[in-house]
Amino acid sequence: MSAKAIWEQTGKEFLYKHICTSAAVQNRFRYARVTMETDWDRLVQDHPWLLTERLVVKPDQLIKRRGKLGLVGVGLNLQGVRDWLKPRLMRETTIGKAKGMLKNFLIEPFVAHKQDEEFYVCIYAAREGDWVLFHHEGGVDVGDVDSKAQKLLVAVDEKLTESMVMQQLLSHAPQSRKEVLANFIVGLFNLYEDLFFTYLEINPLVVTQDGVYVLDMAAKIDVTADFICKAKWGDVDFPPPFGREAYPEEAYIADLDAKSGASLKLTILNPRGRIWTMVAGGGASVVYSDTICDLGGVDELANYGEYSGAPSEQQTYDYAKTILSLMTREKHPEGKVLIIGGSIANFTNVAATFKGIVRAIKDYQVPLKEHEVSIFVRRGGPNYQEGLRVMGEVGKTTGIPIHVFGTETHMTAIVGMALGHRPIPNQPPADAHTANFLLNSNSSPATPASSRTASFSEPKAAADVTPAKKLKPGVPPAKATTLVSKSTKALVWGMQTRAVQGMLDFDYVCSRDAPSVAAMVYPFTGDHKQKFYWGHKEVLLPVYKNMADAVKKHPEVDVLISFASLRSAYDSAMETMQYPQIHTIAIIAEGIPEALTRRLIKKADEKGVTIIGPATVGGIKPGCFKIGNTGGMLDNILASKLYRPGSVAYVSRSGGMSNELNNIISRTTDGVYEGVAIGGDRYPGSTFMDHVVRYQDTPDVKMIVVLGEIGGTEEYKIGQGAAEGRITKPVVCWCIGTCATMFSSEVQFGHAGACANQASETASAKNQALREAGVFVPKSFDELGDVIRSVYDDLVASGVIVPAKEVPPPTVPMDYSWARELGLIRKPASFMTSICDERGQELIYAGMPITEVFKEEMGLGGVLGLLWFQRRLPRYACQFIEMCLMVTADHGPAVSGAHNTIVCARAGKDLVSSLTSGLLTIGDRFGGALDAAAKQFSGAFDSGLLPMEFVNKMKKDGKLIMGIGHRVKSINNPDMRVQILKDFVKQNFPANQLLDYALEVEKITTSKKPNLILNVDGFIGVAFVDLLRTCGGFTRDEADEFVEIGALNGIFVLGRSMGFIGHYLDQKRLKQGLYRHPWDDISYVLPEHMTM
């Protein structure tokens, strides 16, 4: 949703902070908020004027006509305010159809004034600009301001001036007040624009000799402008409509939505209701709500919501568990139903999102059965068969009745099943599997010949594009009737490789001669080539850093498909319109502020450019061209016969519902000729009528289908066009959102534009008007397919449409990654790992989720145990590992590893190079004795050699005993590191036989020479063998294997890396220069003959 109502207090705070006007605005920031929790003593301390002035008190909860309803207390003192609030605060009140609690009140100073000092001002957004309304008589009796008020349209990018206000709005205002009013209204309009308001009403606006007083105010702001206005808005708290509580679960989902690139919406209508929905898609969610209400379920409908835009498994899980938690709190005598529905997805991996839902169902299986919940599922789209299979399996394993259906079932049929209005089929017919297009029967890598005759309405190539006409100076160019053809070339803005590959696969299956994508534009990399598949062959598409280069090098391009983010889509589209060759722009991004969209529309009208979007999946022209992800994967392209043209053209707001229309039209007619999803925003770049007129003027289009929506009045133009004879082809139209009039409080549906601001914008009113104008309007969405079939059959019977013979299309090889995901192929992996898995929603160490690692406070030693030994080690073992890392961290700059690191750092090398230089010195002579010591001592101990026998054997063999000896430390100057570790091992290890053996060896060696002590390497080596053998986590063979493969040396490498990094940073911090070894520390010994 885009335009959202704000508290009156918030609106006034914005005005007082940011309005720029010479008019004296009075009572700035003089308001106090009262709720049930208000501390009146503290309130008076914060607002001392409450004790000295007469006051006004009123609820601040988006309630209209409060004065008429007796909900304003006027001219009271503070005690009077408290007395007035007693019978009202936290009391249930009915206003219209809405019943709710009055819980938030606003107290302001009373302003004494005369009736003729009250005025009415309102500013609201429209497609063509912003309307400013003014009436010289404001207040509670203002009446029908639409008919009374003076009106002024400020066009997009036009500035409002005081002279315009004086001349067009203030003709009936008192002469003495005109200058102040004009200045204030201009300042108010500038504030409205700067803070991205979409609606701002002040009634009454009081103007006295003292200045201007804003008494009552109602406002909406465009929440999508948050990235622009955050500094001025701050954190805005949005109130729920009166009659509906603000639930913490709604706030939780709103927070998830804000943090996600997907769309997640939830509105709780009746928490005790028995009918709950979890619907994918903004348009589909409205259709399901309509159908539930049509079938008598309005009083039991518990929620409205939608998830779309390819949410991750975790996001879907969080959304699903919220729904399941809500619906399993109170039992219903008839049990409950959960409708998991959706249209046919364009790009969302249905199986992946269903995994999240399945996880949630498993978590809630007990309460779901206790509350007698039945689940009905209908979905289509990429990998939907696997998703439905998994959903069916969880029903069998949990015992929860789950009924699953795919694209063979009408989208809303499951609603009738869930509510008992139609039988549940035992074995629904299954459509072809996603994998059916895997293999190509034609082994030739060449582009296949055209797969069908021209008897469908496919125009000849020469007639595809209307030649440009020369225009008179100053006259805007006309927009093209034909937007795309079989020769259309496009640029794609953004690194959307999956969408581009989908376009190329569509091109190939449509028998195009060459790919429809000429190049890509991506500002975040340099110019390069990107690899794609054209059938079996690999091809390279150029990627440019800037638009200018792409347009210059590809003069044949006339379409831009923009996947730019909501923050950059406006700028990139405005830049594109500088190039005359571009005549169509598709803007995919959702969440572009409405004010920016209107500027795009104005510029496009001036340039003769057609904009599809924003907030759209795009459009498709079967056999010719598709925009981005439109139409979904190839299995849906083939199932809906989108590889060749039919006779029916459609236009829809919703992207998901456009794919559903592809399905419906392909099942009831000879197929789609062209389809466009104009987008769900309030001001789409092109309108329903723009495309209906194009279809009317396209000879090969024989009938038109329109899927309208609640909000706006564009659909009336279709009825008007039909009534006036401009539209003569049969039009089938249905406006979704009929349920809105049945709800007691306002509901903002998934699309930003799906909200009726007046009776004429309701879906019911538009459907009735279209029906009266001669348009074919079904009784409900359920009957849409039947009406389309009926109209089509009449056209066939009358000879307007002659169905052509079907010819099988060419097939396209499936991508390896997708085939593998579907389980169609297998291949041996190049790597194997058993310690870590990063693929899911949470990192896993040896089977343990990262959250559990921190929850259990395992520390670094515990993590090392998981990653190195695949075990959860005892606490003492983890502590010992950490102690080993601490004592081996460093041993000064003189040792070879540290010396090398320092020399490398002073040579100007980077951290990784310097660290590596030091690590390369580790071996048997420096630091690498842990493994060797462990092997030697354990080998001697295991073979039964006495300590003396072991020492004598090593001497006889001429070998050093690894882990024995130190250059500095001795029996008389012990190494405290060894002492610390020894004390810990003796106190905590269950047994330490090998350590005791090594200490006996030390007694023998130190009796010969004091520095032949068990050094830190040797100690850690033998102690670690004791740890592996006695901690209970390893078999003897496993313990020996870890010693053999070098795990113990890893302790020294990991620990000493900390010290090496410290030396590197120290040298950089001290700014040490290049190291050169001094001559006097080098003994130059050359051969004698060389010195003569």
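**A helix, a sheet and a helix pair**

Helix α10 (residues 313–327) lies across β15, β17 and β18 (373–378), at about 165° to β17. Contact means heavy atoms within 4.5 Å. Axes are lines fitted to C-alpha atoms, for helices over the stretch in contact, and angles run from 0 to 180 degrees between N-to-C directions. Helices (H or I, at least four residues) and strands (E, at least two) are DSSP runs, numbered from the N terminus.

This is a predicted model: local features need pLDDT of at least 70, side-chain atom pairs count only at pLDDT 80 or more, and totals for chains, interfaces and linings use all residues. Residues are numbered from 1 along each chain as its sequence is written, and side-chain values use heavy atoms, without hydrogens and water.

Now the sheet. It is open, with 4 strands in the order β15-β17-β18-β19, paired in parallel. Two strands pair if DSSP finds at least two bridges between them. β15 (275–277) and β19 (402–405) are the edge strands, each pairing on one side only. Neighbouring strands are turned by 15° against each other on average, direction ignored. Between β15 and β17 (residues 336–340) there are 3 bridges. One partner of T277 is found in β17: I339.

Next, two helices. The axes of α11 (residues 350–363) and α13 (residues 384–398) come within 8 Å and cross at roughly 10°. That is why α11 counts as roughly parallel to α13, a label for angles under 35 degrees. In α11, residues including F354 and I357 meet residues of α13, among them L388 and M391.

How values were computed
Parallel < 35°, antiparallel > 145°, perpendicular 65-115°, else oblique.
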